Amino acid sequence: MIADWPGVNAEWSREIDVPSTSSADAPGAVRRWHLLDNGAELARRGLTPTGTLLCVHGNPTWSYLWRSLLAAGSDPAHPWRVVAVDQLDMGFSERTGTFRRLADRINDLGDLTDALALAGPVVSVGHDWGGVISLGWALAHRDQLAGVVLTNTAVHQPAGSPIPPALRLALHPAVHKWGTTTSDAFLRVTHALAHPPLPADVRDAFMVPYRGASRRAGVGNFVADIPVGASHPSFAALNGVAEGVRGLDVPALMLWGPRDPIFSDRYLKDLITRLPHADVHRYEGAGHLVAEDRNIAPAVFDWLASRITCGGDSVAEASAVAEAARPADENAFKPLWALLKDLAAGPSAGERAVVEMAPDGAVARSLTWQQLEESVAHLSAGLEGAGLRPGSRVSLMVPPGVDLTVALYACLRLGAVVVVADAGLGTKGLSRAVKGATPDVLIGIDKALAAARALGWAARRISVKDLPAGPRRLLGVETSLAALAREGSAKNARSGAVPSRRPAPDSPAAVLFTSGSTGPAKGVLYTHRQLAAMRDTVAGTFGIQPGNRLVAGFAPFALLGPALGTVSVTPAMDVTAPRTLTAGALADAAAAIDATVVFASPAALRNVVATQAGLTAEGTAALGRVELLLSAGAPVPEPLLAEVQRLLPAASLHTPYGMTEALPVTDISLEQIQAAAADAEAGTVPGAGNGVCVGRPVRGARTAVVPLAADGTAPAAAPVTEAGVTGEILVSAAHVKDGYDRLWLTEQVSAGPAGWHRTGDVGHFDADGRLWVEGRLAHIITAPDAVVTPVGAEQAIERLDCVRMAAVVGVGPAGTQAVAAVVETVPPVRKAGPAGAELAGKVRAAAHRAGVSVAAVLVVPAQPTDIRHNAKIDRSRLSQWASSVLAGGRPGMP
């Protein structure tokens with residue numbers, strides 16, 4: 001029979017007779033349990049386990065669900081005993097003929113561990129209803145408990161939310177018995193929740209213990225025991241577990257599949273409120289059967305190694321240690337909003353702070369520093385009155401301008417965590433980001449509120465403006481920013497003071513999402529201290545100070561303006577599509593505030609240059625007074641910068657390198673770019689060339705690389721800064737992110753040697769200490785005789801007059817890949833496919849000069865780029881497309 005269980009060692013399967021103390025059984029009853037237990041294997045191999053994982057399945061699975069943990073626990077590198085149980089009436093355990101409720105099942109598990117003489121340290125692991133039962137056992141066995149692991153489960157039904165539709169259907173009297181017991185429908189529906197679908201042999205293994213209606217009574221009883229209300233017999237037991245876990249001070253890990261129609265992210269959010277110290281990892285794309293959809297064993301055993309010390313510090317003790325390690329003088333810390341108060345109380349109080357442009361290029365409205373400070377204070381008080389507290393998550397879906405600026409700084413001052421996921425992620429990416437961040441409140445314009453309702457974003461909704469009763473009901477809006485500001489103003493007038501609570505410097509402040517250009521957008525968590533460090537780094541590196549006037553063609557930078565003490569304006573443009581910025585709109589915004597600083601993405605600059613013919617004399621003059629231009633988000637070609645320089649003749653042009661996780665990291669000016677290019681051409685500086693020169697580290701930052709291995713990976717090694725050594729780029733700075741939000745495993749991968757962040761970018765230093773970026777680690781090409789990084793060859797190809805953008809990608813299996821170049825031409829081609837002979841020859845020759853041999857050249861009408869920057873090419877997508885085309889497939893569009 002075990003031969004039908006793929007992935008299971010026959011030695012693991014065992015049965016044990018257990019005396020029952022359950023009220024569901026007669027006194028003296030003995031029940032036979034089936035387990036998968038690697039204890040005998042460990043003993044035979046002479047391995048001493050570090051501890052025990054007690055794994056509890058849900059409904060309608062069995063211990064087979066945990067086979068990857070059993071295999072990993074048998075690894076000599078990290079031996080753990082893994083005991084995966086089949087609950088009574090489930091799997092291959094005894095069919096008792098009784099109805100066992102939640103309290104009985106928790107008691108049953110205790111009977112089993114007593115019979116096993118299971119001593120600590122024990123880490124409980126649970127899924128689905130097994131999560132609740134494992135937590136119930138944990139609460140009753142704290143002396144043995146070392147930690148808890150949970151996967152897609154729930155301990156509480158959130159207020160105002162009905163139970164999931166699939167469970168409501170399974171509970172319906174007309175469906176319940178047939179759907180769960182008479183037929184195997186409930187099992188098949190559950191197995192169909194796997195993403196990707198279960199292999200046939202695995203699906204069959206899950207079905208084996210439940211063949212025949214007599215084997216499925218436990219499945220039906222499990223469903224019937226779901227507490228749908230306070231009168232249900234198991235409600236008290238469930239509520240006891242839900243409240244009891246608040247007191248658990250052991251390490252906790254939650255591994256979640258968000259594509260779960262049963263236990264959605266709202267249940268994860270509830271669990272996080274009960275176990276706020278838990279490490280959380282959401283496997284994007286995985287669903288209810290997360291242990292099948294993803295190999296969770298590496299995450300579990302990495303976590304065990306880093307968090308479970310078997311007799312080490314409790315969570316409370318660890319928190320005390322961390323608190324003692326924080327800087328003693330917190331009075332020196334200046335939060336992000338500190339300058340707002342200073343400027344509002346000083347001689348600049350009546351000067352403009354935030355300016356908002358109308359579509360026609362005129363000023364729509366503005367606030368002075370005094371008005372901005374008052375507006376922030378009033379809204380902060382109003383939000384507090386509406387129930388927001390430090391740690392509350394607020395998703396801001398408001399275009400850059402007065403309203404967004406006030407809302408952002410009001411939330412930060414209150415201690416709420418702002419979630420910034422913009423429409424530049426696309427509808428699917430935006431929805432995924434919002435659901436993953438689980439905001440408590442969503443503040444948005446009407447379009448965002450409509451999306452929240454249509455896409456099922458679970459959060460309280462607040463509009464920007466007052467809405468009539470009809471639209472308020474339709475959109476599910478509680479109140480408005482305008483109303484909250486009025487209420488906060490009245491509250492402050494009565495109390496004579498604004499809310500005095502100040503968030504702790506190391507408390508969470510913001511979740512900012514990456515662009516999603518190299519996979520699903522990741523939430524990046526910043527503390528107040530790290531945001532303040534970012535402000536100070538930008539100010540110190542570029543000399544930006546109060547009195548400067550900033551035009552921000554990139555929304556996130558606009559939000560930093562008030563923190564820097566600069567007058568800020570966003571041009572009339574679609575901020576989700578940078579290439580919509582025109583020269584006229586940029587000039588109008590510059591003229592409105594007599595700008596001294598401009599921040600714009602490379603895609604925006606391309607369109608500014610392309611539309612400069614429409615500039616008026618006044619607009620040209622306004623741009624001529626700009627003193628500093630910053631452009632980031634993607635490499636900026638030197639020819640483009642040279643054209644921008646002609647538009648902004650008095651400006652110093654800088655292209656800082658950084659990422660959502662750390663901005664900025666390095667800086668370089670146009671003159672320095674030109675000098676680096678000359679050094680590379682002349683070959684006078686060792687290491688110069690083969691990539692984009694991004695300059696030297698900004699104030700307070702350090703950079704290094706982890707050398708690449710022959711297979712194109714960057715294994716853990718000591719950081720190096722020697723010239724000419726290509727590796728993954730590391731950065732260390734006070735303004736590097738705190739972590740990835742609910743992506744614990746990703747954070748572990750990105751954490752380099754102590755104090756370093758692994759960027760995922762690849763590059764090298766030259767002999768003058770300048771950093772050259774060669775591409776992304778994920779985009780490295782492993783040819784038979786070399787590791788090829790793409791950027792150097794792409795730059796060489798883009799120097800051709802007939803090429804606008806180029807991407808160099810690998811085709812074929814890793815280690816034997818051929819190099820393909822995919823180019824967007826000038827003028828663009830109408831159809832994608834293989835390039836003509838003449839163009840292909842030019843491209844190959846250009847790449848050869850960069851030291852890269854190109855096997856195939858393809859053309860596309862437009863490169864697939866990210867929405868936010870309109871500049872980051874999706875090389876992974878192009879690689880798949882090129883592989884298909886070169887294998888004889890229809891070209892289509894990548």
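Val-823 stands opposite Val-859 of strand 36, where two strands are said to pair if DSSP finds at least two bridges between them. Helix 30 (residues 791-798) packs on the sheet and touches strand 33 and strand 34, its direction making about 145° with that of strand 33; contact means heavy atoms within 4.5 Å, and axes are lines fitted to C-alpha atoms, for helices over the stretch in contact, with angles from 0 to 180 degrees between N-to-C directions.

The sheet is open, with four strands in the order 33-34-36-35 and mixed pairing. Because strand 33 (803-811) and strand 35 (833-834) stand at the edges with a single partner strand each, one side of each is left without a neighbour in the sheet. Strand 34 (residues 818-825) pairs with strand 36 (residues 856-860) in the parallel sense over five bridges.

## Basis of the model

This is a predicted model, in which local features need pLDDT of at least 70 and side-chain atom pairs count only at pLDDT 80 or more, while totals for chains, interfaces and linings use all residues. Residues are numbered from 1 along each chain as its sequence is written, and side-chain values use heavy atoms, leaving out hydrogens and water. Helices (H or I, at least four residues) and strands (E, at least two) are DSSP runs, numbered from the N terminus.

## Two helices in contact

Helix 22 (residues 528-542) and helix 23 (residues 555-564) pack at an angle of about 80°, with their axes 10 Å apart. Arg-535, Val-538 and Ala-539 in helix 22 meet Phe-557, Leu-560, Ala-563 and Leu-564 in helix 23.
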